[in-house]
Amino acid sequence: MLRFVVRRLLLLVPVLAGLVVLLFAWLRALPGDPARALLGQRATPESIAQVNAAYGFDQPLPVQFLTYVGRLLRGDLGSSSASGEPVLDSFLSRFPATIELSVAALLFAVVLGIPLGYAAARRAGGALDTLMVGGSLLGVTIPVFFLAYLLKIVFSQWLPWLPTSGRQDPRIDATHVTGFYVLDGILTREWDASWDAVVHLVLPGIALGTIPLAIIVRITRASVLEVLGEDHVRTARAKGLPRALISRRHVLRNALLPVVTTIGLQTGLLFSGAVLTESVFAFNGIGSYLFQAISQLDYAVLQGFILFIALTYALVNLVVDLLYGVIDPRVRLS
Amino acid sequence: MTQISEALEPATPTAPDPDAVGSGGLWHSAWRRLRRNPTAIAGAVIVLAFLLVALFAPLIAPGQPGVPLPDSGVTPSSVPGPSPGHPLGLDSPGTDLLTQLVFGARQSLLIGVVSTALGLAGGAVLGVLAGGVGGWVDTVVMRLVDILLSIPSLLLAVSVAAVLGQRPISVMIAIAAAQVPIFARLLRGSMLAQRGSDYVLAVHSLGVRRRTVVMSHLLPNSLGPVIVQATLTLATAIIEVAALSYLGLGASNPSTAEWGRMLVNAQSRLATDPHLAIWPGACIAVTALGFTLLGEALREALDPKGRK
């Protein structure tokens with residue numbers, strides 16, 4: 001187990017190294033001039049030279065590359081050219097918001113998706129099944145931000161029950177310990193603050209969770225259908241085992257493996273959706289940070305963001321592979 | 001987002017189809033089963049309808065796209081509703097909403113098709129190199145593909161579009177870039193699966209050159225899953241075009257009507273005029289749905305499990 005984890009972490013090194021080289025080459029191959037992008041069109045030659053010297057853009061490319069890699073190895077992702085803030089600090093201060101949102105979306109998708117997919121498979125061909133299959137197709141093809149708009153329209157105009165922007169009501173004077181607002185409220189026993197943060201998560205969570213929900217319903221349905229047709233289920237039935245027991249031990253347990261894989265894949269993809277969802281709901285996470293970085297052509301942030309997400313994505317997939325072994329003892333980690 | 005379609009499970013096993021047994025080749029029987037599949041027909045109808053609208057946009061649309069009407073009557077608080085000559089009313093810059101929607105179909109389908117074609121071409125080159133040549137070429141290409149796959153596709157598209165600037169062609173390249181690794185991997189896997197089969201061994205033993213084996217035997221027989229993926233990718237490409245527009249990275253020429261941009265323009269009026277967002281959003285969702293239905297049906301039709 002430990003050997004497996006270490007080997008997987010070591011395998012990450014060449015992938016990330018490749019990504020670093022690719023990103024560096026990519027940015028240098030651009031026609032643009034970073035100093036000019038920073039200073040604007042009316043910059044004097046002197047100020048451009050100054051910026052070039054300050055950021056090391058006047059050095060030969062190999063030197064620039066080594067400096068860049070040296071910084072990366074020390075955990076320095078550079079500074080935003082728009083705000084001057086260190087990129088890593090900005091990510092770390094905003095990441096809790098995105099994690100909260102992703103967890104909310106996943107909870108919505110998993111808690112609803114597995115039972116729905118299971119129910120659809122049990123009555124395959126029935127009305128519920130048809131509804132689920134159709135609904136999940138629609139769920140995959142509806143653009144995230146359009147769904148976010150729809151939710152915003154419905155809940156700001158017609159049914160004003162839920163907040164449609166922000167992470168917490170600004171009137172609540174909450175203490176922040178970890179940056180996870182829901183958790184902060186629990187830690188400081190400010191239950192109101194915690195509840196308010198939860199309520200703010202509902203709509204963005206649904207918007208972001210709909211695609212994973214649709215996919216989880218489909219995978220669960222297909223997987224359960226396949227297991228239901230297997231011999232060991234028939235044997236269990238023939239033995240006269242109670243239905244509930246068969247469902248839990250023989251069907252669900254075996255059907256969950258592909259579902260877990262899918263959940264892992266979706267976790268990585270949530271970051272893409274989060275960029276769009278966060279900006280519709282003014283949810284201050286890394287997604288809305290990237291949104292700003294794009295509009296300001298902030299290369300340091302873009303570059304740091306991609307590395308950061310790729311690393312997170314790889315780690316999530318590692319956890320998924322570890323979970324395999326827990327759920328299905330037949331899977332030996334090697 | 002492109003990975004979404006990839007993540008969908010293969011079609012559930014369907015009942016054996018008596019017609020399929022022993023009749024014609026793979027494509028022939030696939031076509032037969034497609035024609036009988038309601039999913040395929042629904043998808044085809046939707047796709048065809050939007051294609052026709054896109055082709056004949058100037059004949060269908062009541063006006064010119066991207067031209068705000070001089071006496072539009074758009075105020076900061078409201079837009080004019082339906083009126084004779086403007087069946088859906090006007091949008092916030094003061095252009096005819098129906099015209100924008102109709103010409104938007106052109107833009108979305110064009111960008112979607114071109115970017116998928118580019119992604120397919122790029123992926124095919126890499127896939128053939130990896131699966132056909134093998135050896136160290138395979139290793140190098142697949143490591144590159146792994147790296148590209150380690151970035152969520154929308155973010156990859158975002159970085160490419162941000163770098164290339166706001167032109168329609170850069171949006172197409174950006175979306176294609178995100179698809180290349182998926183097609184490459186699919187084609188390689190499919191070719192490797194073919195490589196061990198008897199007919200390939202037979203061709204080899206006849207002394208046919210490797211290049212010919214790869215290009216005229218392995219490649220054509222590996223295309224099934226690639227075509228399915230391309231259909232599904234069209235759906236995600238259309239959504240991604242809108243997403244890039246939404247992020248401020250779309251084609252910047254304001255005189256081209258584009259659904260994603262219409263959604264962005266509608267954002268500030270969500271509270272008062274939700275229909276401005278609902279129409280283009282529904283167009284994106286329905287077009288994407290059409291391609292997805294068609295792709296799913298194709299997958300089912302080409303699935304060996306369903307054929308036997």
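Residues are numbered from 1 along each chain as its sequence is written, chains are lettered from A and ligands numbered from 1 in the order in which they are written, and side-chain values use heavy atoms, with hydrogens and water left out.

**Stop 1: colour by confidence**

Colour the model by pLDDT, the predictor's confidence in each residue, from 0 to 100. Chain A averages 82, and 94% of its residues score at least 70. Look in chain A for helix α2 (residues 34-39), where confidence is lowest at a mean of 64, and then for α5(A), where confidence is highest at 91. Helices (H or I, at least four residues) and strands (E, at least two) are DSSP runs, numbered from the N terminus.

Now turn to chain B, whose mean pLDDT is 80, with 86% of its residues reaching 70 or more. Its lowest confidence is in helix α1 (residues 2-7), at a mean of 41, and its highest is in helix α3 (residues 38-55), at 91. Select residues 1-23 of chain B: the pLDDT there is below 50, although this stretch has 62 contacts in the model beyond near neighbours in sequence. (Contact means heavy atoms within 4.5 Å.) Where pLDDT is low, the predicted coordinates should not be read in detail. For the complex, the predictor gives an ipTM of 0.79 and a pTM of 0.82.

**Stop 2: the spans and domains of chain A**

Select residues 133-155 of chain A: this span is 91% helix and 0% strand, and its end C-alpha atoms lie 27 Å apart. Next pick residues 305-327 of chain A, which are 100% helix and 0% strand, with end C-alpha atoms 32 Å apart.

Then give two colours to domain 1 (1-74) and domain 2 (89-331) of chain A; such bounds come from an automatic or database domain assignment. The centres of these two domains, taken over C-alpha atoms, are separated by 33 Å. In their contact, 15 residues come from domain 1 of chain A and 12 residues from domain 2 of chain A.

**Stop 3: helix α12 of chain A**

Zoom to residues 286-295 of chain A. This is helix α12, and seven of its 10 residues are buried, where buried means under 20% relative accessible area, exposed over 50%, and partly exposed in between (1.4 Å probe, protein chains only). The buried ones are I286(A), G287(A), S288(A), Y289(A), L290(A), A293(A) and I294(A). What do they pack against? Show α5 (87-122), α11 (243-280) and α13 (299-327) of chain A, together with α7 (153-164) of chain B. Just after α12(A), find L297(A), which takes a positive phi of about 50°.

**Stop 4: aromatic rings**

Over all chains, the whole structure holds eight aromatic pairs. Rings of Phe, Tyr and Trp (its six-membered ring) pair if their centres lie within 6.5 Å; planes under 30 degrees apart count as stacked, over 60 as edge-to-face and the rest as tilted. Show F95(A) and F308(A): their ring centres are 4.9 Å apart and their planes stand at 75°, so this pair is edge-to-face. F95(A) lies in helix α5 of chain A and F308(A) in helix α13 of chain A, so the pair ties together parts 213 residues apart in sequence. Both F95(A) and F308(A) are buried.

**Stop 5: over to chain B**

Chain B has 14 helices and zero strands, and 54% of its 308 residues are buried. Select residues 144-163, one of its spans annotated "transmembrane region" in the unreviewed UniProt entry. Over these residues of chain B the chain is 85% helix and 0% strand, and the end C-alpha atoms are 20 Å apart. Finish at T236(B), in helix α11 (residues 223-246) of chain B. Is T236(B) buried or exposed? T236(B) is buried, with a relative accessible area of 8%.

Terms used:
UniProt positions are given in the numbering used here, feature names are shortened, and annotations may be inferred rather than shown by experiment.
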